[in-house]
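Thanks for making time this morning.

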Amino acid sequence: MNIMKPELLKQVLNALTLQPFILLKDFSNLPQIDRELRMHLYEDFSYDGFLQLLQKVLQPGQILVSKDRFGIWCFAIQIPDKFLSDYQSPCFLSGPFLTKRLTVDEIRGIMKQQHLPDRLLKDLSAHYNQLPVVDRLFDGSNYLENLVTGFFECDYKVVFSDKAAGTGSSDAPFPAASAAAAKASFPADTPAPLSSAPHRFREDPRISETSIEERYRNENRLLDFVRNGNYQEARKTFDGWNHTVYIPPRTENRLRDYQNFTIILATLLRKAAEQGGVPPLYIDDLSSRFSIRINEARSTRELDDLRGDMIHRYCLLVQNHSMKGLSPAVRSVVTYIDFHYAEPLSLRFFAEQTNLSRTYLSGLFKKEMGVPLTDYLHSVRMRQAMLLINSGSVPMAVIASSCGYSDPNYFIRMFKQIYGMTPKQYQQSVAAKIE
């Protein structure tokens, strides 16, 4: 049970858009700490300096926070051995992250300090724009200290590396740094975390390719979940992607910018639902309604809420209306019934529509849908009847006619056969629950 606690902590931090990991004993996953930025920049880069920092400075009960020369932050926690598997080191790492979104001028300043050529501005900007921004994790609430203490059953305190604390400087990002960092003292020969010099610079670093590829991978994961109607995973993926990926504004109007990107998301979700087997008629109806809501939105907060609603509704659309694997004939029958259930429909009608014999169509429909065609027709009509009955104000004869039953008595018999009570009894039971 103990070895599950680091995994649970990872899940909590993932929810905060951080990307934690346990350092393996062979250190093979250490490049995750800066998303391999330096490995792309330099031919001979080694993470030995960062390992030395951890070995010299990290102590039991500490949450060591450090900032590297690229303005990128991380933190490290020493985990008691009883919480580890054999292949894991006692070092729990989380990074990289930023404390605020960097401006182009700030990125240029970092590039100048690290002697990087101007042509890398676009690449580095893409890298920074993929990093999560964490601005409250180390504030006076001691949230992280309490969280880690609770998981590992011993007291933990946040300590800032002297290379990262920024004590007394204008760029100190965390209010809590003043107390903890002022008390932190480290050996004079402590290496700077993830030092960047001297190293041989690569002619073609390809930094942006990695960042862009990661963004597209996450985007494709989101669409895969929508295609399968998996809302929980789709929403989790979107929240992580939405909070870590920063796309620079393309217009001066922030609301218009949000609307444009929401339209792009809506288009992607629409295509994912189509690939998930949902007929275009269903998609077009939902897409049209979302288009109106996007254009009528009056705040970025409203659009944030709308994005979540879009993901939910498209996943539901796939869950309820996916026809993946259905033959064209059965697909056309199901779609027609869903949109024309109030019309006089029969097996003969659909046999003529699909140019198939009644016997063949009946057998094909039952094989693919699991129920006879007439049973499916009644189920669709009854679902619509339930909606009208729940409104409480529509006469029963009108409900019957609206759902494709010209004979109200036949409608009542079918309703009782399916639900075990008459429409009137059902209506009374609904009214009683409301009271």
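Predicted model: local features only at pLDDT ≥ 70, side-chain atom pairs only at ≥ 80, totals over all residues.

Residues are numbered from 1 along each chain as its sequence is written, and side-chain values use heavy atoms, with hydrogens and water left out.

The structure holds 14 salt bridges, a salt bridge being a side-chain nitrogen of Lys or Arg within 4 Å of a carboxyl oxygen of Asp or Glu. One of them joins K5 to E153, with the closest N and O atoms 2.7 Å apart, and this pair links distant parts of the chain, 148 residues apart. K5 is buried at 17% relative accessible area, whereas E153, at 46%, is partly exposed; buried means under 20%, exposed over 50%, and partly exposed in between, with a 1.4 Å probe and protein chains only. K5, E153 and K82 are linked in a network of salt bridges.

The side chains of D305 and R301 also meet in a salt bridge, at 3.8 Å from N to O, and here D305 is partly exposed at 49%, while R301 is exposed at 60%.

Finally, which residues of R256, Q259, T262, I263, A266, R270, A273 and E274 meet what in the neighbouring stretch? They meet I283, S287, I294 and N295, where contact means heavy atoms within 4.5 Å.

Methods:
Helix = DSSP H or I, 4+ residues; strand = E, 2+ residues; numbered from the N terminus.
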